[in-house]
Structure formats: structure tokens, C-alpha cells
Amino acid sequence: MIEVWAPRAERVRLHRPGHAEVDLVPGGEPGWWVGAVSLVDGDEYGFLLGDAAAAPEEVRADPRSRRQPRGVHDLSAWFDPDAFVWSDAAWTGRQLAGGLVYELHIGTFTPEGTLDAAIGRLDHLVRLGVTHVELLPVNAVNGTWNWGYDGVLWYAVHEPYGGPRAYQRFVDAAHAAGLAVIQDVVYNHLGPSGNHLPEFGPYLRDAERNTWGDSVDLDQSAVRAYIVENALMWLRDYHVDGLRLDAVHALKDSSAVHILQELAIAADALSAHVGRPLSLIAESDMNDPRLILPREAGGYGLTAQWSDDWHHAIHVALTGETAGYYADFAAESAVPKTWTRGFFHDGTHSSFRGRDHGHPLPPEVASWRLVTFAQDHDQIGNRAAGDRLTQTLSPARLAVAAVLTLTAPGTPMLFMGEEWGASTPWPFFTSHPEEWLGEAVRRGRREEFARMGWDESVVPDPQDPATFAAAKLDWDELAEPAHARLLELYRELMRLRRTRPELTDPSLASLSAEVDGDLPDRRAFRLGRGPLDVLVNLGSEDAEFGDVAEVLLATSDDVPVHAGAVSLPSDAAAIVVRRG
């Protein structure tokens with residue numbers, strides 16, 4: 001049986017090369033069309049809407065297509081997920097608490113840019129101490145390379161990555177290595193090229209837009225089902241362990257049950273059935289605890305949410321940058337407050353937004369429910385040149401960033417290559433086949449950065465193949481001494497996280513923080529996690545810290561304890577046991 005939701009079509013035909021067209025008939029639910037046709041794995045097909053001629057440019061891909069062999073404008077190919085023979089029957093999953101997330105983009109993680117090539121690098125992640133691999137969106141987009149956020153067919157795996165079968169191989173291999181997989185999904189908008197869904201039905205609100213395009217119409221029950229069933233597809237058919245939900249603040253939903261709560265209910269039900277944890281992680285700039293509060297307490301019941309406030313606080317402390325949304329984080333209280341209370345803006349005034357912003361995080365919320373990071377794809381890629389901290393910080397400060405990242409009270413996340421101080425940039429890149437769209441993207445990026453005060457000449461052309469090529473990780477850097485030393489520090493920090501329970505203690509009540517210094521990047525911090533303290537000196541002179549019993553790790557070569565005190569050099573960090 002073939003079916004499709006197309007309430008805007010007066011006629012729907014199934015088109016198959018070498019077969020007669022089949023007129024579908026209205027199904028049981030309004031707007032649905034069905035046909036008694038059986039397809040097998042690999043069969044190509046598409047839909048003709050209305051009285052369109054059977055010309056290639058008139059055939060539309062299945063909105064729920066699992067595979068697009070020749071791109072989003074061409075025919076779909078039927079994909080049978082049950083044909084894959086899984087080897088992960090013993091896999092019981094990984095909870096997010098106590099974990100380390102590693103964010104990567106399949107197209108630039110390896111020279112080949114495929115899922116199968118990424119399998120060959122999983123051992124590196126295991127040795128690092130990673131527990132969860134988070135993939136940037138892999139759904140089908142127009143063009144060859146893309147960040148993934150311009151997807152137009154949410155059910156299909158991008159063919160240049162290897163398609164859906166390669167995706168199953170990747171997840172199976174990750175589980176064999178002891179790694180959970182989190183898939184980044186985008187439910188707040190559709191890409192600008194190859195989006196034919198509005199021809200089928202009201203997937204989008206015609207007169208309402210968000211930052212990236214027309215808003216998804218969450219008043220439509222069929223559209224809500226399209227989202228929920230897509231989420232379940234990843235978790236069930238591909239054995240994925242969690243989803244990262246992109247920009248949930250752009251999901252405009254006035255329903256009695258918010259779409260995020262509906263997703264959480266569905267994921268929890270499936271988790272109980274399959275007997276393994278299934279995590280839903282929201283990207284949100286709202287600083288709203290309702291996302292992660294239990295449904296019994298009036299929340300949506302999501303597992304975790306990203307913490308941009310932590311990123312902003314330590315970025316300012318490490319770099320001294322205070323432009324734009326970084327301005328408020330120059331405050332002396334920025335790092336201590338985000339360390340102890342999760343959110344910096346918790347009802348306070350945001351100068352960037354021009355209004356009060358955020359809500360307090362209830363003290364009973366577990367700290368691991370905030371995903372914390374010093375770098376991620378957005379915070380790097382949305383800079384004019386796509387420059388990492390490597391291009392800004394000294395090796396000593398990169399080491400301090402490592403300590404802050406892996407000792408923070410949240411669930412730490414690394415962006416691919418961060419662990420060795422990768423020198424490759426990660427700028428915004430696209431490969432839109434339409435020249436008009438490519439030019440619009442070029443112009444838009446230049447104008448956006450010019451408004452922010454960046455030099456337009458440093459903005460890479462997102463359509464230039466060289467921009468994409470430059471973003472690929474250079475794995476040969478691992479053999480270079482400076483990169484190898486930083487990688488070993490990350491590994492040592494992860495070994496310490498596994499042996500010291502204080503570093504995964506979820507209690508906000510166990511946290512403390514002190515700060516000294518008048519400039520954002522010239523301060524000394526004492527950040528407590530129970531009996532452990534993280535000492536950080538970003539000043540120009542040595543900083544003295546008392547009440548120290550033992551130094552567990554230091555980024556400087558020699559930090560001895562004398563009479564219960566340590567003298568920490570400039571641009572250094574240490575993890576110590578507090579005396580008494």
C-alpha cells in the first residue's frame with residue numbers, strides 16, 4: 001500500500017519508470033491518498049499532482065522518501081529499513097548523565113566525507129572518552145555539500161554521505177564501539193531549494209516566517225504527525241539513541257500539548273518498549289527550564305538543553321571579545337553565575353535583546369541537563385571567517401579552555417577537532433545549484449557580517465568549493481607535538497572525570513565560585529565542585545590560591561603545593577582537592 005498526504009491536490013498519481021501510472025484514491029483521513037501498490041527495496045517512484053504531465057520536472061519526490069539517489073528534485077527510491085541485519089542486539093544504550101558529546105559534520109569529519117569513512121575514526125573517539133556522537137543533520141538537501149540545515153526531505157539520508165543503508169552501518173558500528181548516536185534534526189523550517197512539500201499540503205504558514213524561512217504549520221495535525229513519526233523513525237528504524245532538536249524557540253505552537261511535549265511523550269513510550277535510554281536535547285536560546293522539567297511538574301519532559309550562556313561566559317573570559325551578544329558576559333559575575341546557577345540571563349536584562357530575558361533554573365534540576373561547550377558548529381561557523389579558538393588563543397589558553405569544558409557542571413560537548421586544537425576553519429558553506437540562490441546567500445552573508453562590523457573581505461564565498469574543502473579536518477595534525485599534547489590533556493581530563501565522582505555530581509547545591517579581576521580576560525577563578533576546585537588564572541601575573549590539599553591535574557608543568565597553597569602561573573588551570 002502506498003499513501004501520501006496531499007490535501008491541496010485534486011488528483012494524485014503514482015509514477016514509476018516502466019510502469020503504467022496509478023491513480024490514487026482518497027484514503028480514510030482527510031487529505032490522504034492511497035493506492036494498492038507494493039514497492040520493494042530500490043524501486044523508484046514519485047507523484048504527479050493534479051493533471052501534470054509525466055515529465056521529469058513535474059514528478060515530485062515522496063514527502064516521506066527514505067532515499068533520493070539523484071537528489072531532491074528527482075525520483076524517490078523505496079527503502080526497506082528491515083532489510084539490514086543489525087549486530088547491536090546487546091546494546092542497552094547510554095544515559096546522557098556523566099557523558100561526553102562529540103559533535104561532527106559527516107561531510108568534513110573525514111577527507112572522504114561519508115558515513116562509512118567516519119566509521120574508521122570511531123576508535124579515536126573511544127580513546128578520547130566520548131560517549132555520544134552527535135551528527136549534524138544528514139537529511140536530504142539540494143546540492144552536494146551543505147551544513148545540513150537546508151533539508152527539504154526530512155526522512156531521507158543525504159545520498160553523498162552514503163544514503164540510508166550507510167547510516168544504518170554507522171549506527172551499528174558506533175554501538176559496537178560503545179558509542180551512542182544523537183542525530184541533529186530540524187523541524188522549524190525547510191530549505192529554500194527543492195522544497196515541494198507546500199504543493200502537497202499546508203506544511204508551512206504562508207504569512208509567517210522565522211529567521212530561516214516560512215514557519216512550519218503546527219496547527220495541522222498531519223504536519224505534527226509528520227514530525228513525530230520522523231523522530232520515531234530515527235529512534236526505531238535507525239536505532240539512534242537521541243535527537244538534538246534544532247532551534248526549538250522557532251517552533252510556534254499554541255496547541256494544548258506543545259509539539260516538544262508530544263515528541264517527549266512518544267520518545268519515552270518507545271524507550272520503554274526498546275529498553276534503552278532515548279534522549280531529546282533542545283537547542284534553545286530562551287533559558288526556559290520548562291523544556292527540561294518533568295511533565296509532572298508542568299514541563300515538557302525533554303532530556304536536556306544546550307547552554308549558550310556557558311559558551312558566551314567562557315568565550316569572553318578566554319578571548320576578551322565583548323561585541324554583540326557577548327557584551328553582557330563581560331560582567332565579573334558571568335562565569336561564576338553560569339557555573340553555579342546554569343543560566344546567566346535568568347530574568348535579567350539582556351542588552352543585546354533590549355529586554356529582560358530568561359528564567360531561573362530550579363535548584364533541583366540536575367546540572368547535566370545543560371549541555372555545555374566552548375565551541376560548536378554555530379559559534380564557529382557564524383563567525384565571518386569560520387575561525388576556531390585555535391586562531392585566537394595561545395596554546396596555554398587552549399589548555400585552559402579544555403579544563404573549563406570538561407569540568408563544567410553540565411554535560412560537556414566538543415566540536416570535531418577541538419580536542420587537538422584543529423587549525424582548519426569551519427565557515428558556512430553551500431552548493432546550491434541555482435545561481436540566483438547562491439548569489440543571494442553570498443550577498444546575505446557579506447551584508448550580515450558588515451552590519452556586525454566584520455571586514456567583508458574575510459568572509460569566504462559559501463558557494464566556492466574551496467570553502468568546503470578548507471573545512472575538512474586535517475588528521476595529519478595529530479602527529480604534530482603541539483596538537484598531540486593538547487589531545488593528551490583532553491584524554492587525561494576524561495580519565496579524571498571517570499575516576500572523580502565530583503566531576504559528574506548532578507547537584508547544583510555542590511557548586512561554588514569565586515572571581516578576582518577587573519577585565520573579562522584578566523581574571524582568576526576558583527570554581528568548586530564539592531571538595532574539588534577548578535583553579536583558573538587568566539591574569540598577567542601569578543595567582544595565589546590557598547586551602548589546597550592536592551593537585552590532581554595542572555596545565556602548567558610545575559604547580560606544587562606549599563603550606564596548603566599553590567601559585568598558578570598566568571594562563572594556566574589546575575584541578576585540586578580542597579584542604580579540610
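**Working through the model**

A: Let's start with Thr 108, which lies in helix H1, residues 106–109. Keep in mind that this is a predicted model.

Q: Is Thr 108 buried or exposed?
A: Buried. Its relative accessibility is 0%, and the cut-off for buried is under 20%.

Q: What does Thr 108 contact, leaving aside neighbours within four places in sequence?
A: Met 416, Trp 426, Phe 429, Phe 468, Ala 471, Lys 472 and Leu 473.

Q: New topic. Which residues does the UniProt "active site" annotation cover?
A: Asp 246 and Glu 283, according to the UniProt record, which is an unreviewed entry.

Q: How far apart are they in space?
A: They cluster. The largest C-alpha distance is 5.3 Å, although they are spread over 38 residues of sequence.

Q: Where does Asp 246 sit?
A: In the loop between strand E15 (242–245) and helix H7 (259–274).

Q: And where is Glu 283?
A: Also in a loop. Glu 283 is between strand E16 (279–282) and strand E17 (304–306).

Q: Why does Asp 246 count as buried?
A: Because its relative accessible area is 8%, and buried means under 20%.

Q: What is the value for Glu 283?
A: Glu 283 has 10% relative accessibility, so it counts as buried.

Q: Which residues does Asp 246 touch, beyond four places in sequence?
A: Tyr 149, Asp 184, Val 185, Val 186, Asn 188 and Glu 283. Note that the list includes the other annotated residue, Glu 283.

Q: What about the contacts of Glu 283, with the sequence neighbours left out in the same way?
A: Arg 244, Leu 245, Asp 246, Ala 247, Val 248, His 249, Trp 306 and Asp 378.

Q: On to helix packing. How do H8 and H9 cross?
A: H8 is residues 308–319 and H9 is residues 334–341. Their axes come within 9 Å and cross at roughly 150°. Angles over 145 degrees count as roughly antiparallel, so H8 and H9 are roughly antiparallel to each other.

Q: Is that crossing left-handed or right-handed?
A: The crossing of H8 and H9 is left-handed.

Q: Which residues make the contact?
A: From H8, Asp 309, Trp 310, Ala 313, Ile 314 and Ala 317. From H9, Ala 334, Val 335, Thr 338 and Trp 339.

Technical notes
Residues are numbered from 1 along each chain as its sequence is written. This is a predicted model: local features need pLDDT of at least 70, side-chain atom pairs count only at pLDDT 80 or more; totals for chains, interfaces and linings use all residues. Side-chain values use heavy atoms; hydrogens and water are left out. Axes are lines fitted to C-alpha atoms, for helices over the stretch in contact, and angles run from 0 to 180 degrees between N-to-C directions. Helices (H or I, at least four residues) and strands (E, at least two) are DSSP runs, numbered from the N terminus. Angles under 35 degrees count as roughly parallel, over 145 as roughly antiparallel, 65 to 115 as roughly perpendicular and the rest as oblique. A crossing is left-handed if the near helix is turned anticlockwise from the far one by less than a right angle, and right-handed if clockwise. Contact means heavy atoms within 4.5 Å. UniProt positions are given in the numbering used here, feature names are shortened, and annotations may be inferred rather than shown by experiment. Buried means under 20% relative accessible area, exposed over 50%, partly exposed in between (1.4 Å probe, protein chains only).
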